[in-house]
Each structure stands twice: as C-alpha cells, then as structure tokens.
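This report looks at a ligand site, a pocket and an aromatic pair. Please view the structure below before reading on.

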Amino acid sequence: MTVFDGMAQYGYGDLHFVRDERTKLRAIVAIHDTRRGPALGGCRCLVYATEEAALADVSRLARAMTFKAALAGLPHGGGKSVILAPDVEPDHYDREALFMRFGEFVEALGGRYISAEDSGTGLTEMELIRTKTKHVVGLRAENGGSGDPSPFTALGVRRGIEACVEVALGKKSLAGIHVAVQGVGNVGYNLCKELHRAGAKLTVSDVRDALAERAAREFNAEIVPASETHRITCDVYAPCALGGAINDRTVPQLRCTIVAGAANNQLASDENGVALHARGILYAPDYAINAGGLINVAQEVAGYDAEKSKLRTLKIYDTIHGIAERSKHQNTPPHRVADAMVAEILASSP
Ligand code: NAD
C-alpha cells in the first residue's frame, strides 16, 4: 500500500514525518480530524518491524482517537504519533535528546496536535517533550498533570456496565450481577474495585498469577485460567487485557449476556460484532466505554480539575445507554450504531 492509499483508507489528509540525524529521531504524527478541536492522542515509542507497520499503526490509532473524543463530547479531534525507536541498545542513543527533538517537532505543528503518553512512553518522556512545547499532556501533578488515567477509565467502564445491565437485564443495580474480568492490571484492578463496591460477584483472570491473586483476595473473586475467562457463564464478560478478545473462536463460546470491558480494539473484525448481535449479546463499543482515561487527560488542556473529569466520565452511562437503546430499536449491532453516531457528530461539527 502506498502512503497516499493508506491515508485514503483511513480517511484523512494530514500526515507528518520527521527524521533527525543527530538524535536518531524518526517519527510520524497523524492528525486524523481537527473539526472539533486540536487532535489529541498518545505518542508510542516502539521498535517496528517495518516502516509500513509504523504507518499503519499511527493511522489506525489516530482515527480511533477521533471516534473516542467525539463520542465523549470532548473538544478534540483524533491524532497519534509514533517514534520508531532506534533498534539499538538503550545506551547507544540519547533518549533525552530524542524526546526533546520530538517536542520541537510537536511545537512546529502549532498546537494542531497535542501529545500524551502511550506504549513505550510515560511521565518522564512527556516532561522531556514539555521542555520544547506546551502542546503535551500527561505531565507531573506539579506541572498541571492529571496522574494515572486508569481509575477514570475503570469508573467509565463501571458506568457503561450499569447502562448495559439496565437495558439488557432490566436491573438498575449491579448487586449480584456476575462479571468475569479478563486482565486485572491497571484498569482491570480498578474496575474490580468499582464493581465489588457496587455488590457485583466477580470472576477474574490474569496471565500474571500474583495480580489475579490480589484481586481474589481483595474483592472476594474467583480465579479462572486466562484462556477460560470468556467461557464463564456470567452476566458480563469484561475484556481488560489485549485487543481481539472477541474473535471467530471466542464468539460461539461466550456464555454471557453483555460484553463490556476496557480493552481497545475488542472486536477482531466487524463481522464478530455482527455475530455478537445475532447471538443476542449486548456489546458496549470499546471506544465509547473506555474513554474515561482520555477524558481525564484532556482536562489538562483546560486546567486540570479531577471533579470535572469525574463528572464527564460518569456520563459514559448516558452514551452507552443511548447506543444500546438505539441498537435494540434499529436492530443494528451496537458498534455500527456508535460509528454512525460519530459520523453524525462530525458532520455537524464546523
Ligand atoms: P495493563 O497492562 O496494566 O493490564 C493488562 C493486564 O492484562 C496485565 O495485568 C496482563 O498481565 C493481563 N493479560 C495479558 N494478556 C492476558 C490474557 N490473555 N488473559 C488475562 N490477562 C491478560 O493495561 P491497562 O492499562 O490495564 O489496560 C488494559 C486494556 O485497556 C488495554 O487494552 C488498554 O489499551 C485499554 N485501555 C486502557 C486505558 C487506561 O487508562 N490504562 C484507557 C483506555 C483503554
């Protein structure tokens, strides 16, 4: 696929490349959409097998950020950046110089792209970028930062689960609702905390035994092997580990009424979402339910206020409720309903 074919496939026209001999920086910034405001999205720093793989990654991710920000009602478009990490030992290049040079690059874009942390970057890298530009979030608290996004993501997922439970099961409370949480890392652990407090019954799994054991101990959860989580008879299956949990193999094996979790890219394909709907399983579209972390970090742009982040994250209930109701009335899979809602929001943006 050529660069321009790829841009056409993902539906945008704004792609920036930088190469710097001195620092070994090779980076791509994809600005997918700025109709609702500056493009906001994380900066990945990974070793990519090929340049094409990096380009596909940044293009796909920037587009997803547009969808997530639009449905969350944020005044932002979608963007993403990837730094093709030098494939050498970490002490063979100057990581500080590399990220500061990247900061200059972000600055040169004049605020059309706001960077944040992602795989392979964190607080340290965002602070390095900040030495060269103000268009970066995910900073230290003393610099106006919003801290760990996971509790906000988990709060939003809990609200999304509540909405699904009301629409699919007709219950207004999570008391006694059985949720199987796959992956109890940063978000999964906080989600268990939320659900336990609400009286839900929990089954958990993690490929890291110690994490599953911690959740079992603290939240009275039952542990199952990671590969079995989706086969548990339960009300809600909550994928909170990797993408692709809903795929050709797992869809026929599910024994739940609702799929609602934090993981990005849960559907391996569009057809898997259609198959879930055909089976009568309600799916909470990932980018709608897991927007709490983005909502929280976006608040840094206006001046961080945890209470405002929380109030906006609580509204994920309304978003998921609206998607689920529309899906039911139109007999359309929820992921397609969500995509259509994003198209409507963007079409009505200036
Ligand atoms: P994490 O790495 O802290 O947690 C993921 C956990 O899943 C780990 O403990 C890992 O051991 C476990 N795991 C991996 N494969 C597994 C498997 N097959 N079965 C069971 N457990 C498995 O990551 P996180 O920050 O908690 O994010 C979880 C998911 O949510 C990711 O898909 C991420 O992209 C998405 N997400 C996270 C946030 C956030 O605020 N952190 C926001 C939006 C979306």
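## The ligand and its polar contacts

The side chain of Thr153 has an N or O atom 2.7 Å from an oxygen atom of the ligand. This is a polar contact, a pair of N or O atoms within 3.5 Å. Asp206 also reaches the ligand, with a side-chain N or O atom 2.6 Å from a ligand oxygen. For Arg208, a polar side-chain atom lies 3.0 Å from an oxygen atom of the ligand. On its own the ligand has 820 Å² of accessible area, and the protein covers 75% of this (Shrake-Rupley method, 1.4 Å probe).

The model is a predicted one, in which local features need pLDDT of at least 70, side-chain atom pairs count only at pLDDT 80 or more, and totals for chains, interfaces and linings use all residues. Residues are numbered from 1 along each chain as its sequence is written, and side-chain values use heavy atoms, with hydrogens and water left out.

## The shell around the ligand

Which residues come nearest to the ligand? Of the 22 residues around it, they are Thr153, Asn186, Val187, Asp206 and Ala241. A residue counts as near if one of its heavy atoms lies within 4 Å.

By class, the shell has ten nonpolar, nine polar and three charged residues.

## The second largest pocket

The second largest pocket holds about 330 Å³ of space. A pocket is an open set of points on a 1 Å grid over the protein atoms alone, using a 1.4 Å probe, with protein on both sides within 12 Å along at least five of seven lines; lining residues have an atom within 4 Å of a point. Its lining has 20 residues, and Phe17, Ile28, Glu51, Glu52 and Leu55 lie nearest the centre.

Helix H2 gives the largest share of this lining, five residues. The lining has 13 nonpolar, three polar and four charged residues.

## Aromatic pairs

The whole structure has three aromatic pairs, meaning rings of Phe, Tyr or Trp (its six-membered ring) with centres within 6.5 Å. One of them joins Phe102 and Phe105, 6.2 Å centre to centre with 65° between the planes. This pair is edge-to-face, a label for planes over 60 degrees apart.

Terms used:
Polar contact = N/O pair within 3.5 Å; in protein donor to acceptor, adjacent residues only side chain to side chain. Nonpolar A, V, L, I, M, F, W, Y, C, P; charged D, E, K, R; others polar. Points joined across faces, edges and corners; volume = space filled by probe spheres on them. Helix = DSSP H or I, 4+ residues; strand = E, 2+ residues; numbered from the N terminus. Phe/Tyr/Trp six-rings, centres within 6.5 Å; stacked < 30°, edge-to-face > 60°.
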